[in-house]
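Reader: Before we look at the model, I would like to learn how to read its helix packing. Please take the features in turn.

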Amino acid sequence: MSARTLHVIRACTAWLATLVLFFPLFWLCLTAFKTELQAISVPPLLLFTPTLENFALVQDRSNYLLYAWNSIVTSFGSTALGLLIAAPAAYSMAFFRAPGTRGLLMWMLSTKMMPAVGALVPVYVLAQLSGLLDTRIALTVIFAMSNLPIMVWMLYSYLKDIPREILEAARMDGAGIWGEARHVVLPLGLGGLSSTALLCLVLSWNEAFWSLNLTSAKAGTLAALIASYSSPEGLFWAKLSAASVLAIGPIVVLGWFSQKQLVQGLTFGAVK
Amino acid sequence: MNRFMPRALLTPAVATLFLWMIVPLVMTIYFSFVRYNLMQPGALDFIGLANYEYFVTDPDFAPAVVNTLVLLGSVIAITIVLGVGLALLVDAPFPGRAVVRVLLISPFFVMPTVNALLWKHMMMNPIYGVFAQVSRTFGLTPIDWLADYPLLSVILMVAWQWLPFSCLIMITSLQSMDREQIEAARMDGANLPQQFWFLHLPHLARPIAVVIMIEMIFLLSVFAEIFTTTGGGPGNASTNIAFLIFKQALMGFDVGVASAGALFAVLLANIAAVFLIRMIGKNLDR
């Protein structure tokens, strides 16, 4: 077999495998634009007149906008809160390396290894006692906490690559820690900062364990809303699809633009 | 420069993480030794190891451990094998490679509940689902996936979600391979399987290990997929440890027993974590 044929076979297999893997999402998008009857037709319909009615009905049926708002508030809120706590820590570890820094980083990572289900009972009880059950505040804080180790790690691995000479120069010129942070580190670390924020945003948006267990009607996020469609009496595929497309759309598109950083961030910099 | 500044900057992160870790842990340990049922208010009596005994002798316990490990092992095996395979396919340039990468990674950004319902209804429904329609086209009897193969169904969903992660790590790693070395091996007459075995696989050893460890952490506590599709059933056929603890705590209202189970889950995760930490720690020194 010639190298040319092999190359063609390889490319075709790659495309085929990709289309098979992507098919469920393609089908989800397609179903979102069908009527309920078309959605369950046998054999399945590929050609049909698309309708937008599902997207409108999703709002009527389940107050979509409230859940979307909860998702937006909790994911952006937790990202902001997380960065506020993580950035100073990463800054300190990257530029003022102390003997304990390495151990501290390892310890932070180890807290991420605690399975969420291990903390379910106490967190639930604490939330209940403090009246924070089913509130956006509780979710925001919990998302921020559980993403904190990843954020510190990611920021640290970006910041430590900033050449020390630049910082030394700024210090020689009499820049204080604020001046140094604002005029030197911030511009150079902006890429890392935005990648970290993006990863945190994606993780919080898709988080399902805490939102399913700690929220009901008031503070539920989109992940919880979609779960409510699993009840047998609510089997409207077209509406389920429309709600799903609305729930995953923004994050999937965001993911497309930043896939590499996001996935590498999850490996804590262990794969370059 | 104030020499306390670095420490002051560190404090918020360290303090919050410490609280986030230690408060639930201490509470869980305490709850696991007392009688505490949300439906039976009263004093929290110390009952020793009774909660542990109850959790471990629960007829659902052994199947849950097995299910957890089967789920973990199968998803890791599927994502590694297919991930390496796909990465090798996508490694060389071909028309539309950028599009293929974008499409490949998409499932990873889908939230677990959407993933679960998409598969449960539109793919695996025994009458209207895509799988059923495909099998009828070939004259086969459609399979009722979630009723007959609940655990396998969950494995498929979770593997679909995590395959992109594994694949992208492998693609990234393959890009740092020494092309001249491969060329030299090819000139020396190494065929494709030999090249893979002696060049690609050793190079991929590290990313493979990383993927295994990371997936271990996330997959030990798969929850949303089970919650939204099978509800752990039929019976306990797709109940894993995480879901069993959830059932005890929020459906059985037995905080004590759930806490004993939670400590078991923590133990399980820590075994995986020790290896991961060691490996990443080595990387930090380089």
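Author: Helix 4 of chain A passes helix 1 of chain B in a left-handed crossing; a crossing is left-handed if the near helix is turned anticlockwise from the far one by less than a right angle, and right-handed if clockwise. This is a predicted model, in which local features need pLDDT of at least 70 and side-chain atom pairs count only at pLDDT 80 or more, while totals for chains, interfaces and linings use all residues. Residues are numbered from 1 along each chain as its sequence is written, and chains are lettered from A and ligands numbered from 1 in the order in which they are written.

Reader: At what angle do helix 4 of chain A and helix 1 of chain B pack?

Author: Two packed helices are described by the angle between their axes and the distance between the axes. Here helix 4 (residues 64-95) of chain A and helix 1 (residues 5-32) of chain B pack at about 130°, with axes 8 Å apart. Axes are lines fitted to C-alpha atoms, for helices over the stretch in contact, and angles run from 0 to 180 degrees between N-to-C directions. Helix 4 of chain A is therefore oblique to helix 1 of chain B; angles under 35 degrees count as roughly parallel, over 145 as roughly antiparallel, 65 to 115 as roughly perpendicular and the rest as oblique. Helices are DSSP runs (H or I, at least four residues), numbered from the N terminus.

Reader: Which residues make the contact of helix 4 of chain A with helix 1 of chain B?

Author: Two residues are in contact if their C-beta atoms, placed from the backbone, lie within 7 Å. Helix 4 of chain A contributes A:I85, A:A86, A:P88, A:A89, A:Y91 and A:S92, and helix 1 of chain B contributes B:P6, B:L9, B:L10, B:P12, B:A13 and B:T16. By class there are ten nonpolar, two polar and no charged residues. Ala, Val, Leu, Ile, Met, Phe, Trp, Tyr, Cys and Pro count as nonpolar, Asp, Glu, Lys and Arg as charged, and the others, Gly among them, as polar.

Reader: How is helix 6 of chain A placed against helix 1 of chain B?

Author: The two are roughly perpendicular: the axes of helix 6 (residues 116-129) of chain A and helix 1 of chain B come within 8 Å and cross at roughly 85°.

Reader: How many residues does each chain give to the whole contact?

Author: Chain B gives 83 residues and chain A gives 82. The side of chain B that touches chain A has 67 nonpolar, 16 polar and no charged residues.

Reader: Where does helix 7 of chain A kink?

Author: Helix 7 (residues 136-159) of chain A has a kink of about 45° at A:L148, shortly before the proline A:P149. The bend at a residue is the angle between axes fitted to the seven residues ending there and the seven starting there. A residue is buried if 20 or more other C-beta atoms lie within 10 Å of its own, exposed if 12 or fewer, and partly exposed in between, with C-beta atoms placed from the backbone.

Reader: What does A:V252 contact, leaving aside its neighbours within four places in sequence?

Author: A:V252, in helix 12 (residues 237-266) of chain A, is in contact with B:S106, B:F109 and B:V110 when those neighbours are left aside. A:V252 is buried, with 21 other C-beta atoms within 10 Å.
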